[in-house]
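Here is a short briefing on one structure. Have the sequence and the coordinates open as you read.

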Amino acid sequence: FKFANFKTLHYFINETLVYQEKMQHHAKITINHYTVSIVLQTQDLEQVTEIDLQMAAYLDEIYKDTQQFYPAK
């Protein structure tokens, strides 16, 4: 995910962390300047499961929200 500024990055990360905690399912998150990479995989099974797909859909929605605020360049 690529962000236009710190404000949108911060919003995305905060929403992601709250969702992860709520679901008790945590992804590997890497932040490099205004770019965020997220790896979703159920560690115990070493594969992508339904909960990973749900989280991916939620992350896509959060990202769409940030693009409404400030579109990435």
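Glutamate 61 is partly exposed, at a relative accessible area of 41%. Partly exposed lies between buried (under 20%) and exposed (over 50%), with a 1.4 Å probe and protein chains only. The model is predicted: local features need pLDDT of at least 70, side-chain atom pairs count only at pLDDT 80 or more, and totals for chains, interfaces and linings use all residues. Residues are numbered from 1 along each chain as its sequence is written, and side-chain values use heavy atoms, without hydrogens and water.

**Salt bridge**
- Glutamate 61 pairs with lysine 64 in a salt bridge, with the closest N and O atoms 3.2 Å apart.
- The rule asks for a side-chain nitrogen of Lys or Arg within 4 Å of a carboxyl oxygen of Asp or Glu.
- By this rule the count is one salt bridge.
- Lysine 64 is also partly exposed, at 46% relative accessibility.
- Glutamate 61 and lysine 64 sit three residues apart in helix α2, so about one helical turn separates them.

**Helix packing**
- Helices here are DSSP runs (H or I, at least four residues), numbered from the N terminus.
- The axes of α1 (residues 6-23) and α2 (residues 50-69) come within 10 Å and cross at roughly 155 degrees.
- Therefore α1 is roughly antiparallel to α2; the cut-off is an angle over 145 degrees.
- Axes are lines fitted to C-alpha atoms over the stretch in contact, and angles run from 0 to 180 degrees between N-to-C directions.

**Contact residues**
- Contact (heavy atoms within 4.5 Å) joins α1 residues including Tyr11, Phe12 and Tyr19 to α2 residues including Met55, Leu59 and Ile62.
- The contact residues divide into eleven nonpolar, five polar and two charged.

Notes. Helices (H or I, at least four residues) and strands (E, at least two) are DSSP runs, numbered from the N terminus. Angles under 35 degrees count as roughly parallel, over 145 as roughly antiparallel, 65 to 115 as roughly perpendicular and the rest as oblique. Ala, Val, Leu, Ile, Met, Phe, Trp, Tyr, Cys and Pro count as nonpolar, Asp, Glu, Lys and Arg as charged, and the others, Gly among them, as polar.
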